[in-house]
Amino acid sequence: MRSGTTEATQSRPGVLSRPGLLLSNLGPFLGLLFVFGLFAALNPKIATLAALETIVQQTVIVGVAAIGMTMVIVSGGIDLSAGSIISLGSVVVALLMVSAGVSPFFAALGGVLAGMLCGAVNGLVITRLRVVPFIVTLGTLLIVRGLAKGLAHSMPINVEQTWLNELLAALPPERKWMLVPPGAWLMVALAVLVACFLRYTPLGRRIFAVGSNEQAARLCGVAVERVKTFVYVATGAFSGLAGVMLMSYQEQGDPTAAVGLELDVIAAVVIGGGSLSGGEGSILGTLVGAVTMTVIRTGCHLNGWPTWLTQVVTGIVIVAAVAVDRLRHRR
């Protein structure tokens, strides 16, 4: 949604020059190429088809949730409960299939609706009680995680093999023509839809306006509270869908899964050029950021690095992305 970024930037003259804006747009791609090239030099296995397929599978879960998170961050907010909503979504899908005998399609729909409900609670508390998003979503992070554990009795719920489990499964030989699993194509389709929504619809432009200058947007007649509520509901829906993908990948609903995943989701948006100050963000950049996060984890795993070192490397990349964002806004 670079045009949206451009519009937001133009509303604050002098923030970025044209060369700076071009570098900002290409930055996430250059960062991904650098990270991939670095790990490929350390271990060429990361460039094999098997490793690339694993990267795609693991990117989908973070990528789907990050599409929604992009809208929240563009509007100037943040959602720390995304990881817990992803876990709850996986539990709801598994529970509906195993305990209620619901068909896979309606079970997946139930997971998405559970995410939307969580997002609606976040949005209404933030807009009606005027509590800062960080505090509200920090609280719902714990509430939703507790609900997921309560529904599943703190135990993973295994599901039978259905078409839902094939969303992120390795492609069999007869379907290699698809190149990537169906879940990855679904993520791409959703990314295109949301990017078009942000670029071509009045509501999409209002999301950028609220994030760029909330007071000015309010004076221009934008219903700020409705816009904010909408983005949190949408983010909840995307997190719920990410929970469906998680259940598909793990073949179970796990209330203890996706702990800390909200940081990966937020980092994907920031690495992709989204600004924590609001008003800037790109769906394409977010997907590039999600791939970058997965490449880092996969590269560290292939090199046999311990978990603590993987966390250090990931943290350095996140801090660097935020620092670059700060430096861009000082110019």
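Is C300 buried or exposed? That and a few other points are covered below.

1. Ground rules. This is a predicted model, where local features need pLDDT of at least 70, side-chain atom pairs count only at pLDDT 80 or more, and totals for chains, interfaces and linings use all residues. Residues are numbered from 1 along each chain as its sequence is written, and side-chain values use heavy atoms, with hydrogens and water left out.

2. Cysteines. C300 counts as buried because its relative accessibility is 0%; the cut-offs are under 20% relative accessible area for buried, over 50% for exposed, and partly exposed in between (1.4 Å probe, protein chains only). C196, at 36%, is partly exposed. If you're looking for disulfides (cysteine sulfur atoms paired within 2.5 Å), the structure holds zero.

3. Aromatic pairs. There are three of these, counting rings of Phe, Tyr and Trp (its six-membered ring) with centres within 6.5 Å; planes under 30 degrees apart are stacked, over 60 edge-to-face, and the rest tilted. F105 and F106 make an edge-to-face pair, 5.2 Å centre to centre with 85° between the planes. F197 and F230 are tilted instead, at 5.8 Å and 45°. F230 is partly exposed, at 32%.

4. A nonpolar surface patch. F105 and F106 turn up again here, alongside L109, L113, M116 and W163, with about 610 Å² of accessible area together. Areas come from Shrake-Rupley with a 1.4 Å probe, and for residues only the protein chains shown count as cover. Patch members have over 30% relative accessible area and no salt bridge; nonpolar side chains (Val, Leu, Ile, Met, Phe, Trp, Tyr) are joined within 5 Å, like charges within 9 Å. A salt bridge means a Lys or Arg side-chain nitrogen within 4 Å of an Asp or Glu carboxyl oxygen.

5. T235. This helix α10 residue is buried, at 0% relative accessibility. A polar atom of its side chain lies 2.7 Å from the backbone oxygen of V231.

6. Positive phi. Most residues other than glycine have a negative phi. R130, in the loop between α5 and α6 (133-152), has a positive one of about 55°, and is exposed at 62%. H153 also has a positive phi, near 55°; H153 lies in the loop between α6 and β1 (157-158) and is exposed at 67%.

Notes: Helices (H or I, at least four residues) and strands (E, at least two) are DSSP runs, numbered from the N terminus. A polar contact is a pair of N or O atoms within 3.5 Å; within protein, one must be able to donate a hydrogen and the other to accept it, and residues adjacent in sequence count only if both atoms are side-chain atoms.
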